[in-house]
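Welcome! Open your viewer, get the selection tool ready, and follow along one stop at a time.

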Amino acid sequence: MTGGEEIRAEREFMALCRAKLCRMRGEATAMLVGGAAEGDAVVDKYFNHALREFRKKVVEDLSGFDGAPLFFGRLDYAAGAVFDDRPGKESLADEGMAHTRTGDSDFLYVGRRGVRDAEGVPIVIDWRAALSRAFYEASPPEPMGVRVRRRYGFDRSGELSAFEDEPIEGAPATSTANGLLVKEIERPRQGPMRDIVATIQPEQMRLVRAPVNETVCIQGAPGTGKTAVGLHRLAYLLFSERERLRKDGGVAVIGPNSAFLAYIRTVLPTLGEVEVRQLTIDDLTGPGIEVTKVDDPQAARVKGGAAMAEVLRRHLWAQRREPEEEAEIKYRHRIWRLSEQDQAEELARVLERGMGYGAGRKLYAQRLAHAVLRRMECGSGTTATLAELGKTPGIRRAVRGVWPAVDPARLVFELLADPGQLAVAAAGVLSEVDQRAIVLAPRPRSVRSMRWSSLDLALIDEVAGLLGRPARMAHIVLDEAQDLSPMHLRAVARRMAGAGTVLGDLAQATSPFAVRDWAAVLAWLDRPDGTVEVLDRGYRVPAEVLDFAARLLPHIAPGLSGPKSFRRRENALRVIGTGTPVRVVVETCERALAGEGSVCVLAADEDVVAWQRELAAVGLPYTVLGDDLLEAERLTLAPVSLAKGLEYDTVVVVEPARIVAAEPHGLQRLYVALTRAVSSLHVVHAEPLPAPLRV
Ligand SMILES: Nc1ncnc2c1ncn2[C@@H]1O[C@H](COP(=O)(O)OP(=O)(O)OP(=O)(O)O)[C@@H](O)[C@H]1O
């Protein structure tokens, strides 16, 4: 067959697969609507409900692929190596079989979803199935029975338009068939992140398929695919362990901010996974509380440090007092009394059990009620119950006086607003200087007028965790973890029921409270056995740009070796010193916008307003990247502090020296900015470049 004929044949097969998927969905929908195999409406109510839910899920799983290519690769095996049966003349399955079996070969098609023929015979294999492993892992030294690996290319409308064959069995060890991979990486970006299921590389796939019980921490240079690997690992785990994960609390991705979440939001749904929670760390620790403040570096270092856990614990327990008055409990016109001594005895019983504050308080209330009940029974007998007694104003007052209920936000507010209370709770734990760094000045009038920082939310969550355990999740993917404080990590640990996937790059750590050591991060997460893996092949950033950014590495992360870029690209880097930066930036943007793909101007946060004016003055349509919004225009103006995890085809970084000067970890921030470009990076400056870049 010629190349053209092959493409025609493959397109026909794609159309056939689409028809089969439609049929599968049609059958599942009919069973759902018709209630096939459901039992009696009353007797089998619960069974029927479970069956309907299951079928709804099947229909959902088979939906959403109408426009998407149903397969992206094919493996060529010797005939009989995969399938035992061959097409027969009258078999209904022949159409599918004819494509997947020839006299010489068995072809295994790999796609986002498994597709079956009318007789249930698989014609496309889900990328997560065991059979698909060879698609990602077969290589000339280890061919796994594969003769040729084929990857497909698609045009803008999603139509199959090209393929690339990579000989495996008997081929020389160094394969160069990566044209489609490079094309896929360089395909102009617009909107959210895409899945990489068709081109996951072996070093990435190994991590995607890590066992469900293994916590994996991935240290990776910019653009090595950490985020992509984390998301695909979740999809893989849901495929292989869906019921277990659902039963154990479901799964979640935690990212640094909502711009980042908006960027990754569609990856899992395109892989068919719609049940994954996607949260920022602040959504996790302070749902419903808005973060409106950034702590200064000194306060952040103290608030983020694990010593705060002890300070909060002491402050919480300081709320508990000794009984100081007799308790008077009125029940049905009679009054019962518990002396201070009686209450102190009950209190001692509870305290000796070493329970948490919340659970201890509940037990204390129960014990007081029980003490009253015992007296009632010794007297005239009673029909009162413990629950009724627990609700009487007398018991409530007695509990309140000794073991008050606590509102976590108010408790944190009171601690930070009152130097006296802080001094007591922090004695021997925080130095006076550290205490001064976190005391609120000026003191807000009330908890309502308090402005909260991200770290305040972590403190509130710590207190809430002392009152009762939050709901746990079976697997958490924690992205940009290099920036989290011990207090943030403790909040995540409280919610981890199983293993996790921790992603980050120590060279991109910009927060003053970052832990900067993966073993310590894993320890704070209570997963000290987690393995640290390194990804060092960068897919996003062209070699010239990555080498330029890597000049900063000895200054920001001396222990890390420089990343290697997967691809070279002509003229990917321009460094322009100029007296007229505005003109250069505008011209660069205009030139980039004349081509394809996304463009982003990255500036120091405090310069963004000035750049807004400049861009508006020349009439260039642009969108400012905020917390909640992804670029609506092709040109984005972004403060560097929000750039983490994002990428654009063309990036213009303006005034690197101002980015560096803006914060203590300015060089790390600059490293993030310089590594966002897929095609070209333009560095525009009027001020001298930071010294490490000048070499
Ligand atoms: N195997 C692959 N095939 C195609 N594209 C890939 C592959 N691996 C990574 N990429 C692409 O490279 C880019 C960077 O990936 P990703 O954002 O996951 O990297 P990262 O390591 O999280 O980067 P950062 O540290 O900057 O956040 C993305 O566009 C991703 O789609």
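**Stop one: a pocket**

Select P256, D282, V294, S454 and S641: of the 50 residues that line the second largest pocket, these lie nearest its centre. A pocket here is an open set of points on a 1 Å grid over the protein atoms alone, where a 1.4 Å probe fits, with protein on both sides within 12 Å along at least five of seven lines; lining residues have an atom within 4 Å of a point. Next, colour β8 (251-255), α10 (281-285), β10 (291-293), α11 (297-304) and α20 (454-467), the elements that each give two or more residues to this lining. Helices (H or I, at least four residues) and strands (E, at least two) are DSSP runs, numbered from the N terminus. Domain 2 (191-320 + 404-538) and domain 4 (543-693) both contribute to the lining of the second largest pocket, so the pocket lies between them.

**A note on the model**

This is a predicted model, where local features need pLDDT of at least 70 and side-chain atom pairs pLDDT 80 or more, while totals for chains, interfaces and linings use all residues. Residues are numbered from 1 along each chain as its sequence is written, and side-chain values use heavy atoms, leaving out hydrogens and water.

Now select K226: one of its polar side-chain atoms lies 2.6 Å from an oxygen atom of the ligand. Finally, show α7 (226-247), which gives the most to the shell around the ligand, with three residues.

Conventions:
Polar contact = N/O pair within 3.5 Å; in protein donor to acceptor, adjacent residues only side chain to side chain. Domains from an automatic or database assignment.
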